[in-house]
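Dear colleague,

Please find below the structure that I am handing over to you. A summary of the findings follows it.

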Amino acid sequence: MTAVRLLLAKDLRVLRRSPALLAALVLYPLLVALLVGLVVRFASDQPRVAFVDLDGLPQALNIAGERFDVETVIEEVNDKAELVPMSEEEAERQLETGEVTAAIVVPRGFASKLRGMVESPVLVLRTGRGGLASRFELQTEALVFRLNRLLQEAYIEANLKYVTLLVEGGEADFLGEEFDVVGLEEAGRLLEQLRGRTDDPEALGEIEELATFVREARLALEQTDETLRATANPIELRTDREAGRTWLLGAQLQAYALALTLSFVCVLLAAGAIAAERDENVVGRLVRGLVRLRELVTAKVLLGATIALALGLVLAIVFGVAAEIAGVDGGQPWSRLPLLALGLFLAGAAFGAFGVFLGVLARESRAAVLVAFLVTLPLALIGVVPSESVAAAGWISIVFPFVHAVDFFESALFALDPWREVGVASLWLLGLAAAFATAARMGVRRFLT
Amino acid sequence: MPGVTALLSARGIARSFGRHPALEPTTLDVRGGEVLGLVGPNGAGKSTLVSILAGALAPDAGSVVLGEPRPRVGWVPQRPAQYGRLTPRENLELFARLEGVPDPAKAAARLVEIVELPDDGRLTSELSLGNQQRLNLGVALLGDPNVLLLDEPTSSLDPRQRRRFWELARAVRDRGGAVVFVTQNLEELQRFADRVVVLLDGRVVFDASAEEYARSPEADVFA
């Protein structure tokens with residue numbers, strides 16, 4: 001191990017003499033991580049959507065006795081999109097040019113159908129072919145769902161008024177017609193009065209049947225409120241917003257930023273470092289009994305691990321301090337640092353071994369760094385694609401260290417019970433490090449020809 | 001020199017690169033107290049032979065046998081083999097540590113003086129090719145070798161540096177060691193070689209004393 005330690009110390013000394021290179025290697029992937037974060041964060045955020053009102057919606061709509069302020073309703077539901085009122089022609093044009101992602105059209109007769117409660121009115125959604133169109137379809141479905149929820153509440157309230165009217169009686173109007181309703185309570189009293197006015201057993205029997213019906217109907221209708229609400233919303237979702245990390249400090253972004261940075265730094269450095277040994281013409285001198293090829297590969301793998309450990313801890317501490325300053329909760333960045341350190345070391349070794357393998361294939365250091373860059377960028381981006389969405393991304397990612405590093409970092413920093421995930425990710429990282437190092441050891445013989 | 005024990009022996013060593021044979025099966029003894037000049041046209045297999053003798057390249061066939069006691073072999077490859085982003089002193093110290101030299105810092109300081117290397121903190125990559133070649137020699141001398149294998153060692157040295165270089169090489173021979181050097185410089189061959197081996201297309205076609213070489217037709221071929 002002395003040879004490994006000496007070569008590692010030499011590489012670290014050489015690296016220290018190239019601060020600009022090191023800074024570029026750190027800042028570039030951090031920038032990429034930030035951009036990926038921004039894309040993920042804002043891809044679905046506030047797309048511009050045309051709002052075409054062909055029906056001339058009034059400022060307020062009276063539906064089922066409830067007054068709806070149209071603008072307030074739109075404000076309430078459009079937090080997922082910026083609704084811009086415009087004419088149908090303008091919406092058509094902007095949809096073609098991509099200035100709007102979609103257009104929501106309120107057709108003629110929409111308000112009257114809504115008021116009539118006889119036929120469901122139709123909202124029309126027109127989308128373009130942009131990448132956000134399908135996403136916005138989902139958002140519009142959510143928007144219509146929320147509108148329906150609001151209207152449903154109004155309809156339930158209106159229906160419950162009719163139920164109350166049936167129970168208590170009183171004056172009412174329906175479709176413009178005014179009428180008096182006796183109500184079940186009054187009907188019960190009237191039946192009691194009728195019972196005292198006759199001795200006819202047949203009439204008394206019929207009065208008793210009617211009185212029973214009135215009692216049961218009252219009991220049933222008095223339960224209608226809760227039942228109606230429950231059947232209208234069999235499952236209700238309550239969203240509790242609690243204090244948590246902002247997206248910038250979010251667990252996932254932090255884990256991705258760490259993994260992305262380390263993947264670039266370690267793969268490029270390890271690839272460049274092993275190929276540089278050949279460029280410097282020293283491999284022949286080293287293998288003359290001074291260093292075994294296995295030790296040469298191990299030194300470069302450990303270079304990746306050492307850099308990952310140092311750099312990763314610095315980044316984690318910066319994130320932690322930023323979280324403290326911003327006063328956000330939701331993670332355990334300090335108590336989990338030792339566990340994170342283990343993950344950083346393992347991830348660095350796996351990235352380093354992969355880099356050594358690429359460096360051995362490329363042989364020349366500039367080519368090695370270029371190959372490492374060209375290979376690492378798509379692999380890291382594939383690792384960001386959810387495997388549930390694109391299965392192929394999952395199959396490719398699993399044989400590279402990136403996703404396992406992300407899993408480790410996420411679990412280590414933020415999971416309440418991280419041990420299982422950390423264990424699985426550790427085994428993957430160890431296995432990949434061993435596999436790539438073995439492949440590199442077999443290939444490094446090429447350096448001696 | 002019959003009767004003198006070989007410090008280093010090649011026994012039927014051969015090596016190919018791809019389908020191209022660089023060195024046909026070759027047998028050669030390197031004996032103590034001699035300076036052996038290795039000549040031949042480009043591609044004759046001289047560097048391959050020296051690299052195999054140095055242990056930097058594995059032969060496809062045959063073996064290299066080390067004498068008893070085991071000789072300390074120093075190797076100066078044709079192209080400098082050291083780290084450009086380290087200073088000469090750092091290079092010497094690193095290789096001294098890898099060689100297991102007892103006091104690496106002291107050994108490095110000694111060789112900086114012996115091979116007259118600049119010691120002003122400049123990186124090796126910033127030095128002239130001549131200075132890099134001297135460092136190349138310095139690294140080879142770290143283990144106090146009694147066999148010195150040199151592959152065109154003086155090609156980038158000025159006359160003064162060349163003289164100094166040969167003083168150091170001859171000192172190895174004078175201590176009972178051996179020097180094997182590859183050269184294309186016939187004047188250097190005539191001045192310093194005790195024995196000459198000619199390689200042609202990977203085969204040894206001449207192996208005799210320098211005097212015999214001077215009288216032989218092979219000397220005319222490479223003149």
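**Domains of chain B**

The C-alpha centres of domain 1 of chain B and domain 2 of chain B lie 25 Å apart. This is a predicted model, in which local features need pLDDT of at least 70 and side-chain atom pairs count only at pLDDT 80 or more, while totals for chains, interfaces and linings use all residues. Residues are numbered from 1 along each chain as its sequence is written, and chains are lettered from A and ligands numbered from 1 in the order in which they are written.

Domain 1 of chain B covers 1–72 + 148–161 + 174–223, and domain 2 covers 80–144; these bounds come from an automatic or database domain assignment. Between them, 7 residues of domain 1 are in contact with 8 residues of domain 2 (contact: C-beta atoms, placed from the backbone, within 7 Å).

**Contact between the chains**

In chain A, 17 residues are in contact with 20 residues of chain B. Helix H1 (2–16) of chain A gives the most to this side of chain A, with 4 residues (helices are DSSP runs of H or I, at least four residues, numbered from the N terminus).

**Nonpolar core**

The largest nonpolar core has 146 residues (buried Ala, Val, Leu, Ile, Met, Phe, Trp, Tyr and Cys residues joined through C-beta atoms within 7 Å; buried means that 20 or more other C-beta atoms lie within 10 Å of a residue's own). Helix H10 (residues 251–279) of chain A supplies the largest share of this core, 20 residues. Among the members that touch the most others are A:Ala271 and B:Val180.

Yours sincerely

Terms used:
A residue is buried if 20 or more other C-beta atoms lie within 10 Å of its own, exposed if 12 or fewer, and partly exposed in between; C-beta atoms are placed from the backbone. Helices (H or I, at least four residues) and strands (E, at least two) are DSSP runs, numbered from the N terminus. Two residues are in contact if their C-beta atoms, placed from the backbone, lie within 7 Å.
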